[in-house]
Amino acid sequence: MPLRVRTPFGGLSLLGTMATCGAPADVTLSELAMELFEPLGDFTTRALRALADAPPSFT
């Protein structure tokens, strides 16, 4: 599912995927879910890489 987010850095486009693991009989795995986001487009890729490389800011 595509996800578009407006940020101070510009509009970011991501592809979201949800995966669940386990069988109904297995209580521990039936609660496990993973949500993954993949950048769509060069602008989003560059923006996310720049944010990942930036030092943390505590405001």
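Predicted model: local features only at pLDDT ≥ 70, side-chain atom pairs only at ≥ 80, totals over all residues.
Residues are numbered from 1 along each chain as its sequence is written, and side-chain values use heavy atoms, with hydrogens and water left out.

**Overall layout**
- The protein has 2 helices and 3 strands (DSSP runs numbered from the N terminus: H or I with at least four residues for helices, E with at least two for strands).
- Of the 59 residues in the protein, 10% are buried (under 20% relative accessible area, with exposed over 50% and partly exposed in between, using a 1.4 Å probe and protein chains only).

**The hairpin**
- Strand E1 covers residues 2-7 and strand E2 covers residues 10-20.
- They pair in the antiparallel sense over 6 bridges (pairing takes at least two DSSP bridges).
- E1 and E2 make a hairpin, with 2 residues between them.
- To spot the pairing, look for Arg6, which sits opposite Gly11 in E2.

- E1 is hardly covered: the count of buried residues among its 6 residues is 0.
- Leu3 belongs to strand E1, and Leu3 counts as partly exposed because its relative accessibility is 34%.
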